[in-house]
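Please open the structure in a viewer and keep the selection panel at hand.

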Amino acid sequence: MSKAEKQPAPQAIRLDKWLWAARFYKTRSLCKDAIDGGKVSYNGAKGKASRSVEVGATLTLKLGYDEKTVVIKAISEQRRGAPEAQLLYEETAESIEKREKKALQHKTLGGRIMADHKPNKKERRDIKQLKNDIFGS
């Protein structure tokens, strides 16, 4: 019997600890800051760091410019390697498609639109309008 088989799966684990164990954030304090900042929602509601996670729950995470929707498949309170951490959750197909579409749009836009000079007021308005048309913000 291996060490992993001897230890029973934890029944109740905090959301911030699960996010840390699943390797979404480097530290638990970063997890707590993200949750308190409204970047994590649990089953469609605002997340709380002390909330107990359950298998089958849906999390929406804002990581930088990306937004991921994942379903919790397993619970662990220990942080392990990335391949093992990826077994704790599954990203939804819609989330993957949305992120790929956004990445492609970002790539086609390129870096700065007018790199040879600083944009004037009209050009800034045009850039803002273009971004709103593409990204819908």
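Is Tyr89 buried or exposed? The model shown here is predicted. Select Tyr89 to begin: with a relative accessible area of 15%, this residue is buried. Its ring takes part in a pair with Phe24, in which the centres are 4.7 Å apart and the planes stand at 40°, so the pair is tilted. Phe24 belongs to the loop between H2 and H3 while Tyr89 belongs to strand S5, so the pair ties together parts that are 65 residues apart in sequence. Phe24 is likewise to be selected; its relative accessible area is 12%, and Phe24 is buried.

Because Trp18 lies in helix H2 and Tyr89 in strand S5 (residues 89-91), the pair ties together parts that are 71 residues apart in sequence. With Trp18, Phe24 and Tyr89 displayed together, one aromatic cluster is in view.

Now turn to the strands. Five of them form an open sheet, with antiparallel pairing, in the order S2-S1-S3-S4-S5. At the edges stand strand S2 (45-46) and S5; each has a single partner strand, so one side of each is left without a neighbour in the sheet. For S5, select S4 as well: the two run antiparallel and are joined by three bridges. Which residue in S5 is the bridge partner of Val71? That partner is Glu90.

The tour then moves to the largest nonpolar core, which has 22 residues. Select Leu15, Trp18, Leu19, Phe24, Val40, Val53 and Leu59, the residues with the most contacts inside this core. At least two core residues come from each of helix H2 (15-21), helix H3 (28-36), strand S1 (40-42), strand S3 (58-63) and strand S4 (66-72). In soluble globular proteins, nonpolar side chains tend to be buried together.

Neighbours within four places in sequence being left aside, Leu15 is in contact with Ile35, Val40, Tyr42, Gly47, Lys48, Ala49, Arg51, Val53 and Leu59. Among these contacts, Val40, Val53 and Leu59 have already been selected as core residues.

Definitions and conventions: Residues are numbered from 1 along each chain as its sequence is written. This is a predicted model: local features need pLDDT of at least 70, side-chain atom pairs count only at pLDDT 80 or more; totals for chains, interfaces and linings use all residues. Side-chain values use heavy atoms; hydrogens and water are left out. A nonpolar core is a set of buried Ala, Val, Leu, Ile, Met, Phe, Trp, Tyr and Cys residues joined through side-chain atoms within 4.5 Å. Buried means under 20% relative accessible area, exposed over 50%, partly exposed in between (1.4 Å probe, protein chains only). Helices (H or I, at least four residues) and strands (E, at least two) are DSSP runs, numbered from the N terminus. Contact means heavy atoms within 4.5 Å. Rings of Phe, Tyr and Trp (its six-membered ring) pair if their centres lie within 6.5 Å; planes under 30 degrees apart count as stacked, over 60 as edge-to-face and the rest as tilted. Two strands pair if DSSP finds at least two bridges between them.
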